[in-house]
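The following exercises ask the reader to examine a protein model step by step. Each task is followed by a worked solution.

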Amino acid sequence: MDRRRLRDFDMGLLAAALALVAVGIVMVYSATRGAADASLSGLAQRQAVFAVLGLAALVGALFVPQDTLEILAPLLYGLAMALLVAVLFVGVGKMGERRWLDLGVLRFQPSELAKYAMILLLARWLARKKTKLERATHLVVPIVITLIPFGLVLREPDLGTSLMFPLILLPMLYWAGARPVVILLLLAPALSVVLAFHLVVWLVFLGALACLLYLSRVLLTDKVVVFTASVVAGRVSPLLWAHLEEYQRHRVLAFLSPEKYRFSTGYQLIQSKIAIGSGSAFGKGFLQGTQKNYAFLPEQHTDFIFSVLGEEFGFLGCAVVLALYLYLVLRMLRLAAQARNRFAGLVIVGIASMLFVQSAVNVGVTLGMSPVTGMPLPLLSYGGTSLLVTLGAIGVVLGMGIRRMEY
């Protein structure tokens, strides 16, 4: 690498990422210290080892030219999809789930790799698209690229992670030039699925959608496709609900009425809110969290690690961590805006979107603002695959940032 380019290295972005990794190791240590479950001992040390390996992945990714990533995107996507298929047959997990491949020394979660493989392939296709994304037919290929990993991860089953794929697609389409009204119309069938559970609300939604379509400058055939898809999606929503796993339906019901399910699926949300609320402004102090120490908090070293942070470091600690995430995402968007290479800009936007959405959903779950999804907090939650792949992706962003003036 040309040493003159090192002056363009985004040290602030790297520092924010490393700070979050350090906070994560400290919080995993706190969440697992003195746990009755012997299998949790030593997880902080394992997380530290994964952090070192992740830093090696970051440095390695830093030196990979963006042209090479663009060429390899279809191959990486195919490999990720093959691993997602393999995990359905030989994967391991708990409660009937198949989410990890057991490699002996560690468990690898293919869905983490699939998110970044999808971002690379989407960026390659959108970067080479010469026409504007104004018609429904222009969106067929990006939607297919997204729906394949979405469907495979949903089969594991992992509803929370599967929803990440379409949520990454939307900001990438916007960055590629799709008009906001086109993206809103793309969301219409998904909104119809949710709103159809209340007939009056659903009918009002369809009426508003019809007005929007009438007023929008969209081709008549596209208007018919969007409205028909929304009606069909709403009509089949009871069928989709019936096909959810029982524990997934209970999670949604517990989100809507946590007190009613306080001794079952609502227990997690209630204990999480108690932990965060009891932390008050400055927290109870490091290792002093009572909800955590008495094991009232479920999954406190993974999905609910933000609750441990809130209990021990209070509002101030939570605000600092959220500020670090916001800083990380904004620095990435700044690099994307400066990138002269269209592929590089789209990749950075995809990775920034993934970090933002996953962080927002995880924090939303711990605050009771979203159903429990089983989604970890990037860079903080315990998890080797997530930490390795996320740091590797940050290395890709930093490398593209150094080369952002290249076409």
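**Exercise 1.** Does leucine 379 count as buried or exposed?

*Solution.* The model is a predicted one. Step one is to recall the cut-off: a residue is buried when its relative accessible area is under 20%. Step two is to apply this cut-off: leucine 379 has 2% relative accessibility, and therefore counts as buried. Step three is to locate the residue: leucine 379 sits in the loop between helix H14 (342-366) and H15. Finally, its backbone deserves attention, for leucine 379 has a positive phi of about 75° although it is not a glycine.

**Exercise 2.** Determine where leucine 287 is found and whether it counts as buried or exposed.

*Solution.* Leucine 287 belongs to the loop between helix H11 (267-278) and H12. Its relative accessibility is 18%, so leucine 287 counts as buried. The phi of leucine 287 is positive, about 70°, although the residue is not a glycine.

**Exercise 3.** Describe helix H1, from its N-terminal end to the residue that follows it.

*Solution.* Begin at the N-terminal end, which aspartate 10 caps: one of its side-chain oxygens lies 3.3 Å from the backbone nitrogen of glycine 12. Next, consider the length. H1 covers residues 11-32, that is 22 residues, and reaches 32 Å from its first C-alpha to its last, close to the 32 Å expected at 1.5 Å a residue. Then turn to the side that is hidden: the buried residues of H1 include Leu13, Leu20 and Met27. The buried residues of H1 pack against helices H2 (43-62), H12 (290-293), H13 (305-338) and H15 (384-402). After H1 comes glycine 34, whose phi is positive, near 70°.

**Exercise 4.** How many salt bridges does a search of the whole structure find, and what does the pair of glutamate 70 and arginine 128 tie together?

*Solution.* The search finds six salt bridges. In one of them, the side chains of glutamate 70 and arginine 128 meet at 3.3 Å, N to O. Glutamate 70 lies in helix H3 (residues 66-90) and arginine 128 in helix H4 (residues 110-128), so the pair ties together parts that are 58 residues apart in sequence. Glutamate 70, at 13% relative accessibility, counts as buried, whereas arginine 128, at 46%, counts as partly exposed.

**Exercise 5.** Which residue does a cis peptide bond join to proline 157?

*Solution.* The partner is glutamate 156, and omega is about -5°. Proline 157 is located in the loop between helix H5 (140-154) and helix H6 (159-176).

Terms used:
Residues are numbered from 1 along each chain as its sequence is written. This is a predicted model: local features need pLDDT of at least 70, side-chain atom pairs count only at pLDDT 80 or more; totals for chains, interfaces and linings use all residues. Side-chain values use heavy atoms; hydrogens and water are left out. Helices (H or I, at least four residues) and strands (E, at least two) are DSSP runs, numbered from the N terminus. The expected span of a helix is 1.5 Å times one less than its number of residues. Buried means under 20% relative accessible area, exposed over 50%, partly exposed in between (1.4 Å probe, protein chains only). Contact means heavy atoms within 4.5 Å. A polar contact is a pair of N or O atoms within 3.5 Å; within protein, one must be able to donate a hydrogen and the other to accept it, and residues adjacent in sequence count only if both atoms are side-chain atoms. A salt bridge is a side-chain nitrogen of Lys or Arg within 4 Å of a carboxyl oxygen of Asp or Glu.
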